[in-house]
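Open the model in your viewer and keep the sequence panel beside it. The tour goes from selection to selection.

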Amino acid sequence: MKTLAAALLSFLLLSFEVLAAPPEADLAQVQATTEALFSPGLDLADVKLEVDHMVDPSVNRLVVLREIDRMASDVAAMAGDNAGSAQKLEALKRYLYQAGSWNGGKPFQYDLSDPLGENPASRKLVRYLETRRGNCVTMPILFLLVGERLGLNLTLAEAPLHLFVKYTDDDGRSWNLEATSGAGFTRDAWYRQKLPMTDEAVRNGVYLRALSREETVTAMAAFLVEHYLDTGADEKAAAVADVLLQHYPNSAYVLAKKGTAYYRLLQREVTSKYTRMEDIPPDLRARADHWYRENIAAFDRAEALGWRIGDGQTQ
């Protein structure tokens with residue numbers, strides 16, 4: 001009986017160690033999972049749905065992938081055999097944004113009650129597919145994912161707190177497509193007027209530039225940083241931001257989010273608890289110094305690229 005009790009105690013202690021993994025191990029796992037999003041074999045749809053699943057484990061990735069594939073097949077049939085890029089593009093616009101039998105008379109529309117996708121639930125692709133109401137994140141992403149399956153040359157581009165689609169036609173000309181407005185052709189000047197940005201940010205490629213694949217993955221995975229900030233997991237937000245910035249060092253948006261994560265850590269662990277420097281425990285003081293330096297460095301880097309507070313974060 002004594003041996004059994006000892007064995008049981010050892011089992012409980014081992015179980016506790018697994019359940020109460022040190023924060024460093026937890027952060028390392030989050031970073032490893034984030035890094036895996038950049039695996040070359042992953043389709044961009046896989047990336048988006050993996051991000052959504054990390055935020056909400058109830059997301060059924062296979063069901064959503066099947067829906068995207070079905071939509072692409074329907075659009076291809078609508079475009080007709082031997083359709084060129086222009087015909088496929090117009091068919092995709094019609095399929096998504098015009099009412100018809102192909103969408104049950106319920107086209108996808110801009111959700112004016114949450115145009116920036118500030119409600120975290122509205123950032124998930126499955127929510128957009130279910131409600132047919134999207135924002136400036138989900139709308140361009142779905143357009144990109146379906147369009148890629150049609151063989152269209154598409155990628156994402158950024159403006160302050162906004163994503164849109166870049167399309168390259170068969171003649172090599174590049175066009176902006178505004179997914180929140182029927183994927184209509186939109187000039188850079190319109191974005192600059194509606195979403196003010198500095199000349200410096202445009203010159204540095206922060207805005208209005210077609211993103212590479214790694215940069216597109218980063219834009220999608222920024223949802224993770226937002227999620228961790230929203231749920232108070234500031235350490236995880238900073239850890240994910242570090243991974244994303246390795247792949248897209250000039251992402252002013254992620255830099256600002258990283259700066260915010262460290263600002264909140266300082267608020268939560270230091271300024272809200274201590275009024276005098278000498279009262280801060282030495283080990284916490286060392287961490288606080290690191291957080292302060294990371295906060296300053298992130299915002300300094302974002303501002304050097306032309307980012308300004310109005311583009312996103314305030315801390």
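## Stop one: helix α10

α10 is mostly covered, with 15 of its 18 residues buried. Buried means under 20% relative accessible area, exposed over 50%, and partly exposed in between (1.4 Å probe, protein chains only). This is a predicted model, in which local features need pLDDT of at least 70 and side-chain atom pairs count only at pLDDT 80 or more, while totals for chains, interfaces and linings use all residues. Residues are numbered from 1 along each chain as its sequence is written, and side-chain values use heavy atoms, with hydrogens and water left out.

Select residues 213-230 to see α10 whole. Helices (H or I, at least four residues) and strands (E, at least two) are DSSP runs, numbered from the N terminus. From first C-alpha to last, α10 reaches 27 Å, close to the 26 Å expected at 1.5 Å a residue. That expected span is 1.5 Å times one less than the number of residues.

Now pick M220. Here α10 bends by about 35 degrees, the angle between axes fitted to the seven residues ending there and the seven starting there. Move on to G232, which follows α10 and has a positive phi, near 80 degrees.

## Stop two: two leucines in loops

Which loop holds L208? Look between α9 (199-203) and α10. Phi of L208 is positive, near 70 degrees, though the residue is not glycine. L208 is buried, because its relative accessible area is 8%.

Next, select L161, in the loop between β3 (153-159) and β4 (162-168). L161 is another non-glycine residue with positive phi, about 55 degrees. L161 counts as partly exposed, because its relative accessibility is 36%.

## Stop three: K93

Find K93 in helix α5 (residues 85-97). Buried or exposed? K93 counts as buried, because its relative accessibility is 10%. A polar atom of the K93 side chain lies 3.1 Å from the backbone oxygen of A183. Beyond neighbours within four places in sequence, K93 contacts Q98, F143, L177, G182, A183, G184 and F185. Contact means heavy atoms within 4.5 Å.

## Stop four: α3 against α7

Select residues 44-55 (α3) and 138-149 (α7). These helices pack at about 150 degrees, with axes 9 Å apart. Axes are lines fitted to C-alpha atoms, for helices over the stretch in contact, and angles run from 0 to 180 degrees between N-to-C directions.

Show side chains next. α3 brings L44, A45 and K48; α7 brings I141, L144, L145, E148 and R149.

How values were computed
A polar contact is a pair of N or O atoms within 3.5 Å; within protein, one must be able to donate a hydrogen and the other to accept it, and residues adjacent in sequence count only if both atoms are side-chain atoms.
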